[in-house]
Amino acid sequence: MYGSEFDGSAAFSGGGFMPSQATQAPDPSFSTSKNRDSQSLLPLTVKQINEALLTSDDKSNFSIDGVEVNNVTLVGRVCNRTGRVTDVTFLLDDGTGRIECNKWVQEFVDSNEVEGILEGMYVRIHGHLKGFLGKRSLNVFSIRPITDFNEIASHFIDCIYVHLYNSRLRKLQGVGVTTQPQMPNPSSTPMMGHQATSVNQLSSQYGNVGGQKNIEQMVLDFLQLPASNADEKGVHRDFIAQQLRVSVDKLMLAIQNLVEEGMIYSTTDDFHFKSTING
Amino acid sequence: MDTSSPSVFVNAELLRVHIGKKVRAVVHVIQSDGEITTGKSTDEHQLIVKGLPHVSLMSYVEVIGIAESDQSIRAETWTNFGNTFDTQSYNQVCQLANGEFKGLFL
């Protein structure tokens, strides 16, 4: 009776309880989409979302610039706000288009948050992009009114940067690597920014040391001279101090830093040093 | 309020390309008499905005409306951006949104 018609694996596929046939097949595009790198947060314009490609099989997955889109952040104005007890729906207009947004109100904090959101207000949204019957909408996690309006320009600059980064990296990857549609590390876009800042912080740390840095550079330059490398024992610190005309105290500070960084090393005793570059 | 069509980021220079279309611009208000508001665009040109209520002088106002001529906009909606605003960055966004990265905006 029922048994003959009821196919358990088909009925529950995608429910998360039973592995469907599709997931068991070693489909490279699917397995990479499971990568946690694809869980990155993308700053986007509404136009980009409206033009996003549906990734072939999975009806709810979108791809922009070759990167799978899940969580997004947008900045725009609130239009057609409709508040209900359980949820709030509105259209977000960022000047490039409009997209329907939905925020479920479950707790007191949520209702507080959405009550402050008024028609025509500029907001920053974090949410999950979903597609249903060809319609794209956002399931909003957080919605926050914009108080510093420079955030608008900043958001669009972010969009441009991420677009440039993703599209250029994909191009660099070349046509040959078609079996791996996902970038090895798509979420590195935001990380890129962090890396850049950490480098900046590092260099500014050096900047703080100021004069010390100059002495370090001088010592390094001196130890890299061919004359300094002639002797296997390296150069005595007093000789360096004498040549560079700096006090031994200051010199030892610089030398300590250089040793810690692995730029130079002490040789036969604690007073002779050599540059690591020259071996 | 009709915001169905996209509104392009513009400065005074880009306004003439979009006459008759919906635009958005930020103006630094110099004069406001309730009928016509005169302001400075993000690229430091004079713009006339019609249909704004009385806005406080020296404030930055974002206007969304129809570009009527190469130096006037009929406002449909507006947002006061306060008294401090980074016009230079906004101006750069205007240029990028109409130039190299038009595809993301229009």
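Author: Strands here are DSSP runs of E with at least two residues, helices are runs of H or I with at least four, and both are numbered from the N terminus. Two strands pair if DSSP finds at least two bridges between them. In general, strands of a sheet pair through backbone hydrogen bonds, either parallel or antiparallel.

Zooming in, β2(A) is joined by two bridges to β3 (residues 62–64) of chain A, and the two run antiparallel. Leu53(A) has Ser63(A) in β3(A) as its bridge partner.

A word on what you're looking at: this is a predicted model, where local features need pLDDT of at least 70 and side-chain atom pairs count only at pLDDT 80 or more, while totals for chains, interfaces and linings use all residues. Residues are numbered from 1 along each chain as its sequence is written, and chains are lettered from A and ligands numbered from 1 in the order in which they are written.

Stepping back, chain A has twelve helices and twelve strands. Of its 279 residues, 25% count as buried, meaning that 20 or more other C-beta atoms, placed from the backbone, lie within 10 Å of the residue's own.

Note on methods. A residue is buried if 20 or more other C-beta atoms lie within 10 Å of its own, exposed if 12 or fewer, and partly exposed in between; C-beta atoms are placed from the backbone.
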